[in-house]
Amino acid sequence: MSDTQPLAIVIVTYNRSTYLADLLRSVTGLHTPPWRIVVVDNASTDDTQDVLAEAADWFDDDVLVNHRLEENTGG
């Protein structure tokens with residue numbers, strides 16, 4: 001039996017698609033792959049949704065969860 005606990009990552013973002021892409025790319029190199037990555041998009045007006053669509057291919061199914069808010073509610 002493994003001592004490894006499931007890893008969950010939560011990312012809150014607003015109009016920082018370049019940083020988000022870099023961050024998600026770095027997650028692919030973790031020794032312990034995440035069980036879930038929840039990205040809370042605070043109604044970004046840049047290409048954040050495109051970045052998330054591309055990044056979905058970097059992870060197993062259902063790992064990357066995109067939760068887009070209709071308005072920016074802050075961090």
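Where in the chain is Ala56 found? Select Ala56: this residue sits in the loop between H2 and E3. Keep that spot in mind for a later stop.

**Before you start**

This is a predicted model, in which local features need pLDDT of at least 70, side-chain atom pairs count only at pLDDT 80 or more, and totals for chains, interfaces and linings use all residues. Residues are numbered from 1 along each chain as its sequence is written, and side-chain values use heavy atoms, with hydrogens and water left out.

**Stop 1: the whole chain**

Show the chain as a cartoon. Helices (H or I, at least four residues) and strands (E, at least two) are DSSP runs, numbered from the N terminus. Trace them from the N terminus and the order reads β-α-β-α-β. Along its principal axes, the C-alpha trace spans about 45 × 20 × 20 Å.

The chain exposes about 5,200 Å². Carbon and sulfur atoms supply 49% of that area. Accessible areas come from the Shrake-Rupley method with a 1.4 Å probe; for residues, only the protein chains shown count as cover. Of the 75 residues, 31% count as buried. Buried means under 20% relative accessible area, exposed over 50%, and partly exposed in between (1.4 Å probe, protein chains only).

Next, color the charges. There are 4 positive and 13 negative ones, and their mean positions are 5 Å apart. Lys and Arg count as positive and Asp and Glu as negative, while His and the chain ends are not counted. Each charge is placed at NZ of Lys, CZ of Arg, CG of Asp or CD of Glu.

Now consider contacts, meaning heavy atoms within 4.5 Å. Among contacts with a separation of 6 or more, 80% come from residues 24 or more positions apart.

**Stop 2: the core**

Select Ile11, Leu20, Leu24, Ile37, Val39 and Leu64. Of the 14 residues in the largest nonpolar core, these touch the most other members. Such a core is a set of buried Ala, Val, Leu, Ile, Met, Phe, Trp, Tyr and Cys residues joined through side-chain atoms within 4.5 Å. Strand E1 (8-13), helix H1 (17-27), E2 and helix H2 (48-55) each supply at least two residues of the core. H1 gives the most, with four.

Zoom in on Leu20. Beyond its neighbours within four places in sequence, Leu20 is in contact with Ile11, Thr13, Val39, Thr48, Val51 and Leu52.

Which helix holds Ser17? Ser17 is in H1. Ser17 counts as buried because its relative accessible area is 9%. Leaving out neighbours within four places, Ser17 is in contact with Asp46, Asp47, Thr48 and Val51.

**Stop 3: Asp41**

Move to strand E2 (residues 36-41) and select Asp41. Why does Asp41 count as buried? Its relative accessibility is 0%, so Asp41 counts as buried. Its side chain makes a polar contact with the side chain of Gln49, at 2.7 Å. A polar contact is a pair of N or O atoms within 3.5 Å; within protein, one must be able to donate a hydrogen and the other to accept it, and residues adjacent in sequence count only if both atoms are side-chain atoms. Setting aside neighbours within four places, Asp41 is in contact with Thr13, Thr48, Gln49, His67, Arg68 and Leu69.

**Stop 4: the loop between E1 and H1**

Select Tyr14, in the loop between E1 and H1. Tyr14 counts as partly exposed because its relative accessibility is 34%. Leaving aside neighbours within four places, Tyr14 is in contact with Asn42, Ala43, Ser44 and Asn72. The side chains of Tyr14 and Asn15 make a polar contact at 3.4 Å.

Step to Asn15, in the loop between E1 and H1. Its phi is near 50°, a positive value in a residue other than glycine. Most residues other than glycine have a negative phi.

**Stop 5**

Return to Ala56. At 37% relative accessibility, Ala56 counts as partly exposed. Ala56 and Asn66 are ten residues apart in sequence and 9.4 Å apart in space, C-alpha to C-alpha.

Asp57 is placed in the loop between H2 and E3. At 68% relative accessibility, Asp57 counts as exposed. From Asp57 to Asp47, ten residues apart in sequence, the C-alpha distance is 17 Å.

Finish at Asp62, in the loop between H2 and strand E3 (64-68). Asp62 is exposed, with a relative accessible area of 61%. Its phi is near 70°, a positive value in a residue other than glycine.
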